[in-house]
Amino acid sequence: MAEEKINREEQKKQTEKLVHKLITAIDEYPDRANNYYDLGALLTRLKDYEQAEELFMKALGIFDAKQDQEAIDLLNYGLGNLYYEVGKVDRAIDLFNKIEDPKRKADSYLMLAQSYMKKGLHKQAVAYGLTAHELRPNDPEINQVLGDSLLALGEFAQAGDYYDKILKRHPGRADTQFNRGLVAMVLGQPYQDYLNQAKQLDLAYYQKSEQKIADIEKTLRKTQSHND
């Protein structure tokens with residue numbers, strides 16, 4: 001317990017040091033957009049949303065005045081991520097749609113896919129996911145959002161294909177293992193290994209998602225009894 005407290009305090013010190021370092025970088029190089037972005041992204045991770053939003057808005061004002069589109073795209077992406085985190089998904093979507101920088105396109109399409117998924121609009125999520133996939137076919141996050149959206153739409157075989165792509169390179173993802181197990185259950189394939197892997201990798205995630213297994217088993221039982 002004492003050791004945990006020491007670790008937490010050490011972590012807090014390191015974080016404060018990093019925040020101070022990024023503030024200093026902005027003071028020294030106020031014309032570098034990535035300094036604002038890095039600090040805003042860190043504050044977002046620390047759940048200091050109000051300060052992060054204030055910083056992104058201030059920086060956007062600076063680089064809007066300079067008409068620096070690359071900087072504006074970077075900052076819109078950071079602010080979009082913040083709005084996504086706090087559940088202001090429509091505002092996030094507006095910002096991700098504004099991004100023109102080709103270097104940031106795959107990331108913004110991925111975030112658009114995740115945003116539409118958060119809204120429960122899975123067809124739109126698939127459309128943006130496929131656009132992102134064309135740009136980065138091996139990105140596990142893009143394949144995951146495609147798999148999850150297709151799973152929600154009941155396109156089980158297609159969802160399984162995207163999960164398999166991830167597991168070839170990233171077998172240590174509990175969410176992928178778990179959802180691949182659900183797909184296997186529905187398709188009548190061996191599924192227990194996938195679920196066991198997910199449980200070993202992340203017990204909390206497995207327990208949180210366990211209800212989905214019961215729901216699918218119930219649906220399959222109903223289907224079987226109708227067929228009988």
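Biologist: Leaving aside neighbours within four places in sequence, with which residues is N81 in contact?

Modeller: The model is a predicted one, and N81 is placed in helix 4. N81 has a relative accessible area of 19%, and it counts as buried because that value falls under the 20% limit. Once the neighbours within four places in sequence are set aside, the residues in contact with N81 are F96 and M111.

Biologist: Which residues does F96 touch, not counting those up to four places away in sequence?

Modeller: F96 is one of the residues that touch the most other members of the largest nonpolar core. Not counting residues up to four places away in sequence, F96 touches Y77, G80, N81, S108, M111, L112 and S115.

Biologist: What is the angle between the planes of Y37 and F56?

Modeller: The structure holds seven aromatic pairs. One of them joins Y37 and F56, with 6.5 Å centre to centre.

Biologist: How many residues apart in sequence are the parts that the pair of Y37 and F56 ties together?

Modeller: Y37 is buried at a relative accessible area of 18%, and F56 is buried at 0%. Y37 lies in helix 2 (residues 33-45) and F56 in helix 3 (residues 49-65), so the pair ties together parts of the chain whose separation in sequence is 19 residues.

Biologist: Which residues are linked into a cluster by ring pairs?

Modeller: A pair of aromatic rings is described by the distance of the centres and the angle of the planes. In this structure, ring pairs link three tyrosines into a cluster: Y109, Y116 and Y128.

Biologist: At what distance from the ring centre of Y84 does the charged end of K118 sit?

Modeller: Two charged residues are placed over tyrosine rings. R104 lies over the face of Y77, at 5.9 Å from the ring centre. The charged end of K118 sits over the ring of Y84, and its distance from the centre is 4.0 Å.

Biologist: Which residues are linked with K103 in a network of salt bridges?

Modeller: A search of the whole structure finds nine salt bridges. In one of them, the side chains of K103 and E70 meet at 3.3 Å, N to O. This pair links distant parts of the chain, with K103 in the loop between helix 5 (89-98) and helix 6 (105-118) and E70 in helix 4 (residues 69-86), 33 residues apart. K103 counts as exposed at 57% relative accessibility, and the residues linked with K103 in the network are E70 and D101.

Biologist: How far apart are the closest N and O atoms of K119 and D90?

Modeller: K119 is in the loop between helix 6 and helix 7 (122-135) and D90 is in helix 5, 29 residues apart. K119 is partly exposed, with a relative accessible area of 37%, and D90 is also partly exposed, at 49%. The two form a salt bridge in which the closest N and O atoms are separated by 2.7 Å.

Biologist: Is R173 buried or exposed?

Modeller: R173 forms a salt bridge with E141, the closest N and O atoms being 2.8 Å apart. R173 is in the loop between helix 9 (156-169) and helix 10 (174-187), whereas E141 is in helix 8 (residues 140-152), 32 residues apart. E141 is partly exposed, with a relative accessible area of 34%. The relative accessibility of R173 is 15%, under the limit of 20%, so R173 counts as buried.

Technical notes
Residues are numbered from 1 along each chain as its sequence is written. This is a predicted model: local features need pLDDT of at least 70, side-chain atom pairs count only at pLDDT 80 or more; totals for chains, interfaces and linings use all residues. Side-chain values use heavy atoms; hydrogens and water are left out. A salt bridge is a side-chain nitrogen of Lys or Arg within 4 Å of a carboxyl oxygen of Asp or Glu. Helices (H or I, at least four residues) and strands (E, at least two) are DSSP runs, numbered from the N terminus. Buried means under 20% relative accessible area, exposed over 50%, partly exposed in between (1.4 Å probe, protein chains only). Contact means heavy atoms within 4.5 Å. Rings of Phe, Tyr and Trp (its six-membered ring) pair if their centres lie within 6.5 Å; planes under 30 degrees apart count as stacked, over 60 as edge-to-face and the rest as tilted. A charge sits over a ring if NZ of Lys or CZ of Arg is within 6 Å of the ring centre and within 35 degrees of the ring normal. A nonpolar core is a set of buried Ala, Val, Leu, Ile, Met, Phe, Trp, Tyr and Cys residues joined through side-chain atoms within 4.5 Å.
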